[in-house]
Amino acid sequence: YGMTLFGQACLSARRLLEAGVKFVTVCWDEYGQTDESWDTHHDHHPRMREFLLPAFDRAFATLLTDMDRRGMLDDTLVLCLSEHGRTPNFYETAAGAPGRGHWSRAYSQLFAGAGVPRGQVVGASNETAADVIDRPVDPKDILCTAYHLLGIDSRQELMSSPGRPVPLVAGGNVVRELL
């Protein structure tokens, strides 16, 4: 898992699931510990190469492998979600080290376990990952799919405190390729 905050959080998550906890969230929160958040507005290449990618790959791959070997992956949904991607083009920073900004037009999400087919890729972006060119998936689709895999009807309505019905997910569809 690695001796990082994220790595140890993934190990803790696996142990919590083994102990019967039904829902666990792990956040990447190295910021403040090592100044290594995914906000690569500066020093993009060395930060990705020296810490971010190795630490993420080690922890996430170990989590999935460990859960699979223990028979936990069949009935556990594992999601790796982000609110945005990074700009397709680098820009120079004051220090001269290239950086990348926020980019919401194209980004990746990872689904594993709970019957999700392994190796399945849904959609595609153009050559610079700037725009989706095949099978766009909306964040509401991700929610609907996750709820479906968890056995929850995403079309249900919840009652707000004044008694007004509020949809669990307003719109969206299940991504059938992930079933």
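These legends describe close-up views of a predicted model.

**View 1. A salt bridge between Glu18 and Arg70.** Glu18 and Arg70 form a salt bridge in which the closest N and O atoms are 2.7 Å apart. The two residues come from distant parts of the chain, 52 residues apart. Glu18 belongs to helix 1, which covers residues 5-18. Arg70 sits in the loop between helix 2 (44-69) and strand 1 (77-80). Glu18 is partly exposed, with 39% relative accessibility. Arg70 is also partly exposed, at 43%.

View 2. Arg70, by contrast, counts as partly exposed at 43% relative accessibility. Through shared partners, salt bridges join Arg14, Glu18, Asp66 and Arg70 into one network. A search of the whole structure gives eight salt bridges.

**View 3. A salt bridge between Glu177 and Arg135.** The closest N and O atoms of Glu177 and Arg135 are 2.9 Å apart, and the two residues form a salt bridge. This pair links distant parts of the chain, 42 residues apart. Glu177 lies in the segment after strand 8 (165-167). Arg135 lies in the loop between strand 6 (132-134) and helix 3 (139-149). Glu177 has a relative accessible area of 29% and is partly exposed. Arg135 is likewise partly exposed, with 29% relative accessibility.

**View 4. The backbone at Arg135.** Arg135 is found in the loop between strand 6 and helix 3. The phi angle of Arg135 is near 55°, a positive value in a residue other than glycine. Most residues other than glycine have a negative phi. The side chain of Arg135 takes part in the salt bridge with Glu177.

**View 5. The backbone at Asp43.** Asp43 is placed in the loop between helix 1 and helix 2. Its phi is near 50°, which is positive although Asp43 is not a glycine. With 29% relative accessibility, Asp43 counts as partly exposed.

**View 6. The rings of Trp28 and Trp38.** A pair of aromatic rings is described by the distance of the centres and the angle of the planes. For Trp28 and Trp38, the centres are 5.3 Å apart and the planes stand at 65°. The pair is edge-to-face because that angle is over 60 degrees. Both residues lie in the loop between helix 1 and helix 2, so the pair ties together parts that are 10 residues apart in sequence. Trp28 counts as buried at 18% relative accessibility, whereas Trp38 is partly exposed with a relative accessible area of 29%.

View 7. Trp28 is in the loop between helix 1 and helix 2, while Phe51 is in helix 2. This pair links distant parts of the chain, the two residues being 23 residues apart. Trp28 and Phe51 are both buried. Ring pairs link Phe6, Trp28, Trp38, Phe51, Phe56 and Phe60 into a cluster. The count of aromatic pairs comes to six.

**View 8. Arg100 over the ring of Phe90.** Arg100 lies over the face of Phe90. The distance from Arg100 to the ring centre is 5.2 Å.

View 9. Tyr147 is located in helix 3. Tyr147 has a relative accessible area of 23% and is partly exposed. Apart from neighbours within four places in sequence, Tyr147 is in contact with Ile152, Ser154, Leu168 and Val169. Between Tyr147 and Val174 the C-alpha to C-alpha distance is 8.8 Å, and these two residues are 27 residues apart in sequence.

Terms used: Residues numbered from 1 in each chain as written. Predicted model: local features only at pLDDT ≥ 70, side-chain atom pairs only at ≥ 80, totals over all residues. Heavy atoms only, no water. Salt bridge = Lys/Arg side-chain N within 4 Å of Asp/Glu carboxyl O. Helix = DSSP H or I, 4+ residues; strand = E, 2+ residues; numbered from the N terminus. Buried < 20%, exposed > 50% of the residue type's maximum accessible area, 1.4 Å probe, protein only. Contact = heavy atoms within 4.5 Å. Phe/Tyr/Trp six-rings, centres within 6.5 Å; stacked < 30°, edge-to-face > 60°. Lys NZ or Arg CZ within 6 Å of the ring centre and 35° of its normal.
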